[in-house]
Amino acid sequence: MRRTGRRAGVLPALLLLLTTACATGPSLEDRGDLTAPPGDSKHLTVGSAGFTESDLLARMYALLLEQAGYSARILSVTNREIYEPALENGQIDVVPEYAATFADWLNARTHGPDAPPAGSPDLAATMKALRALTAPRGLTVLPPGRAVDRNAFAVTASYAKKHRLETLSDLGASGLPVRLAAGDECVRRPYCAPGLKKTYGIDITAVDPKGVGTTQAKQAVQNGQDQMVLTTTTDATLDDFGLVLLDDDRHLQNADHIVPVVNRARAGSDGVRTALEKLNTVLTTAGLARMNERVDSWRRLPEDVARAYLEAEGLLPAG
């Protein structure tokens, strides 16, 4: 249910190449290269999935790589079905991903859509599963940081105060009937309506299909049409609608920590790892949400926000 939104500039010629040459990933005759020593190309392409947060992460990756002596350019490709094979082929070298979401996507691609989920609320188990899925594809997953962009549930601040709600457990214990604004798939996804009922005992009376964290969905909660909205932990606009997140205190949601994924043959070196791991020491969920806000609400340019953040955290010299 990862969202999409504003797009960065796309390189048309390369995008055409990706769509025509990268549909299946490495060919069988190239599979022997997947166990080759990690490569260290000095000219790297960083992929963005085309929405604000992914663009910010890609720009921070590129800036950190350039600071470490690499040449880095950004390519925005909104479709994972395109950019993941391009990552395998080395036409994209680095991409920011979400651990559990990417593990489940690769697992379905590898074992079929009915395969049991690979992602879970347990970060260590999720990372183990993800690395097992990426290694045969010639990809390396670098260590996760503290920033997490997982599904989350919000109510109005006034509703939370009136009913003394801080957690989803509180909402379940209250016995309040809840109409939930979410994507239409919420009615069957285990981490959405079924999970809220099973894990927290929340009385979900209906799912209002207004999308995940959309303006329409938040307005429905703001005006009392719905009582709760499905959004994400890095949603930058909750304050604009008078909304607050309820804590997922029983860990229904999966470990969607942000992880860099690299093409091992081109960007699997210690140099790339060291450059990108610097972000892990400073980037938090709240910090990422503030950057999203500067782009989405304040209309700042993603490249300016990314650079300012790295400078403020001492990872780049002040310009």
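Q: In which helix is Leu-63 found?

A: Helices are DSSP runs of H or I with at least four residues, strands are E runs of at least two, and both are numbered from the N terminus. Leu-63 lies in H2, residues 52–67. This is a predicted model, where local features need pLDDT of at least 70, side-chain atom pairs count only at pLDDT 80 or more, and totals for chains, interfaces and linings use all residues. Residues are numbered from 1 along each chain as its sequence is written, and side-chain values use heavy atoms, leaving out hydrogens and water.

Q: Is Leu-63 buried or exposed?

A: Buried means under 20% relative accessible area, exposed over 50%, and partly exposed in between (1.4 Å probe, protein chains only). Leu-63 has 11%, so it is buried. In H2, 14 of the 16 residues are buried, so the helix is largely enclosed by the rest of the structure.

Q: Which residues is Leu-63 in contact with, leaving aside its neighbours within four places in sequence?

A: Contact means heavy atoms within 4.5 Å. By that rule, Leu-63 touches Ala-306, Arg-307, Leu-310 and Leu-316. Leu-310 is 247 residues away along the chain, with 8.6 Å between the two C-alpha atoms.
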